[in-house]
Amino acid sequence: MLRRCIIRFKVDVTSITPGIPDPFSACAPALAEVRPGVPISRDAALNLIRCNDNDLPELLAAARAAREHFKPGVITYSRKVFLPLTNLCRDYCGYCTFRRDPGEPGAHTMTPDEVLAVARAGQNLGCTEALFSLGDKPELLFPEMRETLRHLGYKSTLHYLEAMCELVLRETSLLPHPNPGLLSAEWIARLAAVSPSMGLMLETTNDALLAPGAAHDNAPDKVPAKRLRTIEEAGKQKVPFTTGLLIGIGESPEDRVDTLLAIRDLHERYGHIQEVIVQNFRVKPAIPMANWPEPTRGDMLRTAAVARLLLPNVNIQAPPNLSAPYYDDLLDAGINDWGGISPLTPDYINPERPWPHLDQLRLRTEAKGFALRQRLPVYPEFLATVAARPGLLSEKLCAVANDEGLATTKRAA
């Protein structure tokens with residue numbers, strides 16, 4: 001019998017005011033615009049994202065105040081297993097080492113037994129999220145993938161993903177969170193029946209990155225308008241959605257602001273953006289962008305802080321493994337979540353960047369004055385909507401959620 005799932009979460013709305021900005025600072029007018037819980041304007045964001053090092057402390061103070069107004073005292077993370085369902089992909093992004101062509105070393109599509117074995121091992125380690133990452137519709141390009149799917153008994157990669165989400169949901173206590181690329185309205189509805197949340201990185205709204213030699217050259221699924229349509233359709237269906245931007249791939253500071261504004265516009269219309277990720281490009285030896293400059297620590301701090309001020313009532317995440325060893329500095333920029341951390345599987349997208357050990361993550365988070373809490377792949381403020389849907393997903397969700405809508409932990413995180 002399905003028990004009633006009651007979620008209680010609290011957001012403190014006490015006004016917290018940052019220090020008075022230097023009136024002679026170039027950023028003073030923009031900082032003076034900041035009000036607790038109120039999104040800043042595009043002009044202010046453009047001013048702040050270009051602030052100099054002297055003004056950076058004031059920007060960070062404003063971002064911290066906005067974060068404390070939103071969710072004070074707590075930083076969350078999701079304990080997960082990473083399931084690279086297939087790394088075959090029809091997109092050739094200049095920064096990616098995840099994707100493979102058929103026959104290349106490391107090319108692999110997981111079998112159902114492999115999926116279930118990893119999920120069960122993660123369950124034994126206290127994980128609550130099964131993150132499915134995969135190439136976008138590889139069967140449209142590769143006959144080898146079509147043959148693999150035929151052998152497995154599925155019409156498409158999305159049909160196989162749907163079945164594997166349902167398998168994990170039925171056979172374990174983990175909750176699937178798929179990142180399958182572009183989706184139609186039909187597929188959003190189908191995947192929402194077997195996962196409480198899903199995601200698609202917008203990355204950028206700059207179409208110029210589709211040009212020959214640019215980061216998204218020969219990547220038909222990275223057209224910004226197509227990605228925005230998927231995110232919007234998820235909003236129309238009230239699916240809790242994770243998105244974000246990838247910085248350092250050839251975009252300008254203005255592009256970063258416009259990407260965040262596009263996300264904000266969709267959230268204001270549909271209220272479904274549960275999390276915005278600020279992710280930084282990292283160089284890898286075997287990619288076309290191997291000689292590309294990486295974003296600096298200052299780039300990450302400025303972008304995360306401006307994301308917080310543009311989206312003051314949205315969860316802002318930055319992956320700690322991509323900002324090591326200074327990742328705890330990102331807490332000074334107003335983020336309130338570390339994203340998915342796995343005690344079992346590597347970051348298959350950035351395998352050279354290991355997750356921080358959870359004990360170390362806790363120590364560094366607590367050193368900044370915060371409690372580290374484990375959440376589910378769906379955030380507390382979105383959980384009640386998903387839990388209200390009848391069926392297996394609701395039952396599984398209620399079984400692993402505590403009264404605050406966070407994860408019921410069975411072991412020390």
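This is a predicted model: local features need pLDDT of at least 70, side-chain atom pairs count only at pLDDT 80 or more; totals for chains, interfaces and linings use all residues.

Biologist: What is the phi of Glu203?

Modeller: Most residues other than glycine have a negative phi. Glu203 lies in the loop between β4 and α8, where helices (H or I, at least four residues) and strands (E, at least two) are DSSP runs numbered from the N terminus. Although Glu203 is not a glycine, its phi is positive, at about 75 degrees.

Biologist: Which residues does His216 contact, leaving aside its neighbours within four places in sequence?

Modeller: His216 is in the loop between β4 (198–199) and α8 (224–236). His216 has a relative accessible area of 2% and so counts as buried. Contact means heavy atoms within 4.5 Å. On that basis, the partners of His216 are Cys93, Tyr95, Glu203, Thr204, Leu209, Leu210, Lys222 and Ile249.

Biologist: Is Lys238 buried or exposed?

Modeller: Lys238 is in the loop between α8 and β5 (241–247). Lys238 is not a glycine, yet its phi is positive, at about 60 degrees. The relative accessibility of Lys238 is 55%, so the residue counts as exposed.

Biologist: What is the omega of the peptide bond from Ala324 to Pro325?

Modeller: Most peptide bonds are trans. Pro325 is in the loop between β7 (315–317) and β8 (337–341). The bond from Ala324 to Pro325 is cis, with omega near 5 degrees.

Biologist: Which helices do the buried residues of α2 pack against?

Modeller: Helix α2 covers residues 42–49, and its buried residues are Ala44, Ala45, Leu46, Leu48 and Ile49. These buried residues pack against α1 (28–33), α3 (56–70), α9 (253–270) and α10 (297–310).

Biologist: What separates the C-alpha atoms of Leu60 and Val306?

Modeller: Leu60 is found in helix α3 and is buried, with a relative accessible area of 9%. Not counting residues up to four places away in sequence, Leu60 touches Leu301, Ala305, Asp332 and Ala333. Leu60 and Val306 are 246 residues apart along the chain, and their C-alpha atoms are separated by 8.9 Å.

Biologist: Which members of the largest nonpolar core touch the most other members?

Modeller: A nonpolar core is a set of buried Ala, Val, Leu, Ile, Met, Phe, Trp, Tyr and Cys residues joined through side-chain atoms within 4.5 Å. The largest such core has 95 residues, and those touching the most other members are Leu48, Leu85, Phe132, Leu310 and Trp338.

Biologist: What is the radius of gyration of the chain?

Modeller: The chain has 13 helices and nine strands. The globule rule, 2.2 Å times the number of residues to the power 0.38, is compared with a radius of gyration taken over C-alpha atoms. For 413 residues the rule gives 22 Å, and the chain is as compact as a globular protein of that length because its radius of gyration is close to this, at 21 Å.

Note on methods
Residues are numbered from 1 along each chain as its sequence is written. Side-chain values use heavy atoms; hydrogens and water are left out. Buried means under 20% relative accessible area, exposed over 50%, partly exposed in between (1.4 Å probe, protein chains only).
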